[in-house]
Amino acid sequence: MCGIVAYVGHRNAQDVIIKGLKRLEYRGYDSAGIALLNNGLNVYKKKGKVADLEDHVTGEELISTIGIGHTRWATHGEPNDVNAHPHYSSSRKLAIIHNGIIENYSALKQELINKGHQFLSETDTEVLIHFIEDIWENNHCSLEEAVRLALNQVIGAYAIVIMSSENPDMLIAARKGSPLVIGIGKDEYFMASDATPIIEYTKEVVYLNDQEIAVIDNGELRIKTVEDIPSTPYIQKLEMELEAIEKGGFDHFMLKEIFEQPRSIRDCMRGRLDANEGRLVLGGIREYLNKMVNAERIIIVACGTSWHAGLVAEYLFEEFCRIPVEVEYASEFRYRNPIIREGDVVIAISQSGETADTLAAIELAKSKGAIIIGVCNVVGSSIARTSHAGSYTHAGPEIGVASTKAFTAQLTVLSLICLSIAQKRGTITDQALHQLLVELETIPEKVERVLALNDQIKEIANTFKNASNFLYLGRGYNFPVALEGALKLKEISYIHAEGYPAAEMKHGPIALIDEAMPVAFIATNDSSYEKIISNIQEVKARKGRVIAVVTEGDKLIPQMAEFVIEVPSVHEALMPMVSVIPLQLLSYHIAVMRGCNVDQPRNLAKSVTVE
Ligand code: G6P
């Protein structure tokens, strides 16, 4: 989390940076700040959103062609003006922005305090810049060398950019564990946590690798490792377009992204699937497909919404590939001494490709000989690069903090991977495979039909907008959808919500049901249809208010439920891609009606690059 942007060139740095920070606000929005060189090195920072920083600096004559900026998701120290980045060094000759956590900061801080350093903030970042300056002054070395020496003593994760009043054309950046992209323009350079602040200026980028330091000095870019070994910048072309990161007439990014799903699912299948020919091609995993086909076990690691996609994948892989699957919260997996055998296949699912816990779980599994398959949305992200092979979800940039189109694209890719393996293993008949492939191709159009129910769902939202609690219940493939529905609602509307397997309800949550409790059933016509009807009756008998997502033409459930949302029929293994859509819309409308900031919900960040 935290977004960083830096610029050096011929433009007004303030404009480039503020605009860039707005694009990165999904990464954190507790405070924002900027450092510029205008009559000395000056830092301007403010608690709150980038817009608050913008108001704070409006009217000031801040002409500078170099600068660094930061939007923060607080870790060390509460969100306030003082803890906001950039931070000065002791002499105020240096300023730093940082995304990540310096784990050994207290030991370093104590050492520096003993030497007479005084700290203004509670942050680990301020300690780092003091530490760098201390080395710079005492070793009489270049700033670049001081940064390198300091980073060799730092434990933790970082993407940093440093500027100095003594070197008006120089930016020094480094990364370990947190992302950093460098944009190369004509006589100008950009640095940012992702490519969105860069895209409108240049499409040529270099993704800095872990343990690398980049120095831009007098218009030249040099890269070396923290061990002082020079490396050649590998310049790549960005494929993203500017429109993809704008709202395009929608009130919120989240709504735009919900409505983009027919297209994003189509994009995800494009070139990979031809049902008529029975052709399934996933270029990114081709070389590892045999290893996956022969795997004795698949472990899925992920967090949040991606973990829910992993749960659906567990059902898919076990049903069609007959390979045992374990789905793990990445954060738990890595700390519990898991049994990983050589040849185990680990599928890491991540929209951002930067989630620290997922990355750490991958490193652990890799060190024990597992094969890592990444399912990421952000091209060139850390998880994509560290995996042995993988398939991108191609959903396009997802900016709303609550994940929507990334989830359905993950389900699409996971279905394609599953069916490729099943086909090769011979655990699916040609006929069943053909049926599933044909149905997969119909999903975008079915999602479109659910989106057409937006007004109806808005009315339901209006009925329940003041609820204090919500239950989401589903069985089989729709159980992870219940979890995802509950997560969406709590993330953006701050209503307490729980997702549960419908049959487990009677072992606890049923105690919560009274006439004030809305219960959303995902009760499409699948193999547990009869069973879930009994669960609906159990809720009704306790006066719970039932909202049911059902298959079009359902005759029974409409007689029991207060509200019914009809979705098109599709094979139950693919239903989550369709049945989750009304739940996304329901949470969106409830959150808007409650006056919540749906794109930037409190306390959350889209990309969680701290453990
Ligand atoms: C954060 C986001 C969630 C996301 C989770 C995992 O918590 O707010 O929306 O599902 O991280 O992120 P990833 O990028 O790894 O999918």
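Analyst: **From one serine to the packed helices**

At 45% relative accessibility, Ser 106 counts as partly exposed, because that value falls between the 20% limit for buried and the 50% limit for exposed. Keep in mind that this is a predicted model. Ser 106 sits in helix α3. Now look for Thr 123. It lies 17 residues from Ser 106 in sequence, and the two C-alpha atoms are 9.9 Å apart.

Stay with α3, which spans residues 105–114, and bring in α4, residues 124–139. The axes of α3 and α4 come within 9 Å and cross at roughly 50°. The two helices are therefore oblique to each other. Their crossing is left-handed.

Which residues make the contact between α3 and α4? From α3 come Tyr 105, Leu 108, Lys 109 and Leu 112. From α4 come Asp 124, Val 127, His 130, Phe 131 and Asp 134. Sorted by class, this contact has five nonpolar residues, one polar and three charged.

Next, compare a second pair of helices. Helix α7 covers residues 261–269. Seven of its nine residues are buried, so the rest of the structure largely encloses α7. The buried ones are Gln 261, Pro 262, Ser 264, Ile 265, Asp 267, Cys 268 and Met 269. What covers them? The cover includes helices α6 (253–259), α13 (405–425), α14 (430–451) and α18 (576–593), along with strand β16 (273–274). After α7 comes Gly 271, with a positive phi near 75°.

Take α13 from that cover. α7 and α13 pack at an angle of about 30°, and their axes are 9 Å apart. That makes α7 roughly parallel to α13, because the angle is under the 35-degree limit. The crossing of α7 and α13 is right-handed. On the α7 side, the contact uses Gln 261, Arg 263, Ser 264, Ile 265, Cys 268 and Met 269. On the α13 side, it uses Lys 405, Thr 408, Ala 409, Thr 412, Val 413 and Leu 416. By class, that gives six nonpolar, four polar and two charged residues.

Finish with the aromatic rings. A search of the whole structure finds eight aromatic pairs. One of them joins Trp 307 and Tyr 329: the ring centres are 3.9 Å apart and the planes lie at 15°, so the pair is stacked. Trp 307 belongs to helix α9 (residues 304–321) and Tyr 329 to strand β19 (residues 325–329), so the pair ties together parts that are 22 residues apart in sequence. Are these two residues buried or partly exposed? Trp 307 is buried, at 11% relative accessible area. Tyr 329 is partly exposed, at 40%.

Phe 464 and Phe 470 form another pair. Their ring centres are 6.0 Å apart and their planes are at 70°, so this pair is edge-to-face. Phe 464 is buried, with a relative accessible area of 3%. Phe 470 is buried as well, at 1%. Together with Tyr 472 and Phe 563, Phe 464 and Phe 470 form one aromatic cluster.

Methods. Residues are numbered from 1 along each chain as its sequence is written. This is a predicted model: local features need pLDDT of at least 70, side-chain atom pairs count only at pLDDT 80 or more; totals for chains, interfaces and linings use all residues. Side-chain values use heavy atoms; hydrogens and water are left out. Axes are lines fitted to C-alpha atoms, for helices over the stretch in contact, and angles run from 0 to 180 degrees between N-to-C directions. Helices (H or I, at least four residues) and strands (E, at least two) are DSSP runs, numbered from the N terminus. Angles under 35 degrees count as roughly parallel, over 145 as roughly antiparallel, 65 to 115 as roughly perpendicular and the rest as oblique. A crossing is left-handed if the near helix is turned anticlockwise from the far one by less than a right angle, and right-handed if clockwise. Contact means heavy atoms within 4.5 Å. Ala, Val, Leu, Ile, Met, Phe, Trp, Tyr, Cys and Pro count as nonpolar, Asp, Glu, Lys and Arg as charged, and the others, Gly among them, as polar. Rings of Phe, Tyr and Trp (its six-membered ring) pair if their centres lie within 6.5 Å; planes under 30 degrees apart count as stacked, over 60 as edge-to-face and the rest as tilted. Buried means under 20% relative accessible area, exposed over 50%, partly exposed in between (1.4 Å probe, protein chains only).
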